Amino acid sequence: MIDLYTAATPNGQKIHIMLEETGLDYREIWIDIDKGKQFSESFLRISPNNKIPAIVDHHGPSGTKISLFESGAILLYLADKTGRFLPSQSDKHWETIQWLMWQMGGFGPMLGQAHHFNAYAPARPDSPVVLPYAQERYTNEAARLYGVLNKRLADHEFVAARQYTIADIAIFPWCRLHERQRQKLEDFPNVLRWFNQIAARPAVAKDMHKLEDIVDGWTTESWEVSFGGRQRNQR
Ligand SMILES: N[C@@H](CCC(=O)N[C@@H](CS)C(=O)NCC(=O)O)C(=O)O
């Protein structure tokens, strides 16, 4: 049994998809990150960076319990545990890891900044802020990254290794929020084709209704928890 500590966000969605795809036995433990539950001592013991997703596998390597944070590490672990969605053949293996790292180091963080300056900061309670340079910078960077993905998918059905892998699973959830990044998938037709193909997989479609991104407005409390003093002063 795997405990999945999660919330309805792109990084959480990755692990739901992987667990559904692999058919592993798991239970969800919802962490209300708007209310600051990620700072509880018990959660910080599992995820010291105070972020979801995290897992506890009660039957880890050699039957021992293991806990993991960082969605990329969790995807690698679950691929290793099940022998699925990460090819073992060396060239395909490293190609998959390369695109997984591209998502972890670029596509996710940059798109997250695009969300922040385009959608969140202008909706900050009490003192909304619009920063045109930051919006331009991260919207352009998001467009560049979608362009990289679009070019890759022009002659590849999937992102890596000529098959569906953890790289697709990591990238897909971030594309669901393209409007918040001020992108249109129609401008990236190969991404659109791939996106629709992944979205139609039963394991992907199954839980998306309950995993819709939670951010649909900010309160003074939720802003403080996510971007204010509680992020820095908690430990
Ligand atoms: N690099 C991390 C990022 C995780 C992350 O940013 N999680 C967000 C939700 S998508 C979170 O838990 N935020 C709560 C907080 O920052 O306090 C991963 O891929 O797991």
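Which residues in α5 meet which residues in α7? Tyr146, Leu149, Asn150, Leu153 and Ala154 of α5 meet Asn190, Val191 and Trp194 of α7, where contact means C-beta atoms, placed from the backbone, within 7 Å. The model is predicted: local features need pLDDT of at least 70, side-chain atom pairs count only at pLDDT 80 or more, and totals for chains, interfaces and linings use all residues. Residues are numbered from 1 along each chain as its sequence is written. Helices (H or I, at least four residues) and strands (E, at least two) are DSSP runs, numbered from the N terminus.

**α5 and α7**
- The axes, lines fitted to C-alpha atoms over the stretch in contact, come within 7 Å and cross at roughly 75°.
- α5 is therefore roughly perpendicular to α7 (65 to 115 degrees).
- The contact of α5 with α7 has 6 nonpolar, 2 polar and no charged residues.

**α1 and α6**
- The axes of α1 (residues 10-22) and α6 (residues 166-175) come within 8 Å and cross at roughly 140°.
- α1 and α6 are therefore oblique to each other.
- Pro10, Gln13, Lys14, Ile17 and Met18 of α1 contact Ile166, Ile169, Ala170, Pro173 and Trp174 of α6.

**Nonpolar core**
- The largest nonpolar core has 52 residues, and Leu75 and Ile166 touch the most other members.
- Such a core is a set of buried Ala, Val, Leu, Ile, Met, Phe, Trp, Tyr and Cys residues joined through C-beta atoms within 7 Å; buried means 20 or more other C-beta atoms within 10 Å of a residue's own.
- α6 gives the largest share of this core, 8 residues.

Technical notes. Axes are lines fitted to C-alpha atoms, for helices over the stretch in contact, and angles run from 0 to 180 degrees between N-to-C directions. Angles under 35 degrees count as roughly parallel, over 145 as roughly antiparallel, 65 to 115 as roughly perpendicular and the rest as oblique. Two residues are in contact if their C-beta atoms, placed from the backbone, lie within 7 Å. A residue is buried if 20 or more other C-beta atoms lie within 10 Å of its own, exposed if 12 or fewer, and partly exposed in between; C-beta atoms are placed from the backbone. Ala, Val, Leu, Ile, Met, Phe, Trp, Tyr, Cys and Pro count as nonpolar, Asp, Glu, Lys and Arg as charged, and the others, Gly among them, as polar.
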